Amino acid sequence: MSSVAYILRGCRASPSSSLLLSCTTTNTSRSFSALSFSPSPFSFPSSSEKLHKVHPFLRMEHFWTGSSIAKTKIKGLVEHLKEYGVIKSKNVAEVMETIDRGLFVPEGNPAYVDSPMPIGYNATISAPHMHASCLELLEEHLQPGMRALDVGSGTGYLTACFAMMVGPQGRAIGIEHIPELVAFSIDNINKSAAAPLLKGGSLSVHAADGRLGWPELAPYDAIHVGAAASEIPPALLEQLKPGGRMVIPVGNIFQDLKVVDKNLDGSINIRNEASVRYVPLTSRAAQLRE
């Protein structure tokens, strides 16, 4: 259920080229000018090929992961997002520098480019500016000791970020309905700075239908959904803690990133943050058919 996502409010976006130009968020006057760089000239293989047959120059970036070159690339990406007003908080900047995106992108993809990347099974890892936007929206609900649910966790990147923010006294749960991606995400997390949290049990990833949430550890202070629902799943609303927040794309052809706040009395406030484009929140069988 991991998604390709573009902020579309006041902008031009091209899913085929992964290029995002002249974008403006709904709650700020800042513009995202050319946030996504030029697409790779190399085509990516299908999920059945496991994304292993790639151009040798792209393959090299995978070997840089964890090196000083990778750290420089990560810092440059974060600075880029700060410059354009996507990252505003110190906590979001720190977690995106700590969790190396290169560990969560299949080999051969340029991990530090601000663009969505294919991860197989008709899914993608969202562009860094979308991850940053969602982290910013949820930051106050990702404080140490809190609980977070990541629906459609894909390669595990955002789940790992959540875990780092809530810490060992909190809980971060990833839900992904493709078992192969669950296994891939656990391998990725084990290579990352979030590995101790996975081993300690405060971070976990499960193969399940994300539309049903994960009631075993509900309620959640923060819920993130990485695919577009036709309507907000009732189970997720039920599992959202009073005082908590959910960020979820909703819609079919036209989609809005909605911010859902549950008040202490249980009432719900919903606002539109931006127009976006995500893959649909659907069943495993339907996703694989696509």
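The legends below describe close-up views of a predicted model.

Residues are numbered from 1 along each chain as its sequence is written, and side-chain values use heavy atoms, with hydrogens and water left out. Because the model is predicted, local features need pLDDT of at least 70 and side-chain atom pairs count only at pLDDT 80 or more, whereas totals for chains, interfaces and linings use all residues.

**View 1. The open sheet of 7 strands.** The strands follow the order β9-β8-β7-β10-β11-β12-β13, and their pairing is mixed. Strands are DSSP runs of E with at least two residues, helices are runs of H or I with at least four, and both are numbered from the N terminus. Two strands pair if DSSP finds at least two bridges between them. At the edges stand β9 (203–207) and β13 (268–276), each of which pairs on one side only. From one strand to the next, the twist averages 15°; axes are lines fitted to C-alpha atoms, for helices over the stretch in contact, and angles run from 0 to 180 degrees between N-to-C directions.

**View 2. The pairing of β11 with β12.** Strand β11 (residues 240–251) and strand β12 (residues 255–262) are joined in the antiparallel sense over 7 bridges. M246 stands opposite V260 in β12.

**View 3. Helices lying across the sheet strands.** Helix α4 (residues 128–138) lies across β10 (220–225), β11, β12 and β13, and runs at about 150° to β11. Helix α6 (residues 179–190) lies across β8 (171–176) and β9, and runs at about 165° to β9. Contact here means heavy atoms within 4.5 Å.

**View 4. The second largest cavity.** A cavity is a set of points, on a 1 Å grid over the protein atoms alone, where a 1.4 Å probe fits but cannot get out; lining residues have an atom within 4 Å of a point. Among the lining residues are I74, L77, V78, D100 and R101. Helix α2 (residues 68–83) gives the most to this lining, with 3 residues.

**View 5. The salt bridge between K90 and E94.** The closest N and O atoms of this pair are 3.9 Å apart. A salt bridge is a side-chain nitrogen of Lys or Arg within 4 Å of a carboxyl oxygen of Asp or Glu. Because K90 and E94 are 4 residues apart in helix α3 (residues 90–98), about one helical turn separates them.

**View 6. The cis peptide bond between A218 and P219.** Omega of this bond is about 5°. P219 is found in the loop between β9 and β10.

Terms used:
On a 1 Å grid over the protein atoms alone, a cavity is a set of points where a 1.4 Å probe fits but cannot get out, and a pocket is an open set with protein on both sides within 12 Å along at least five of seven lines; lining residues have an atom within 4 Å of a point.
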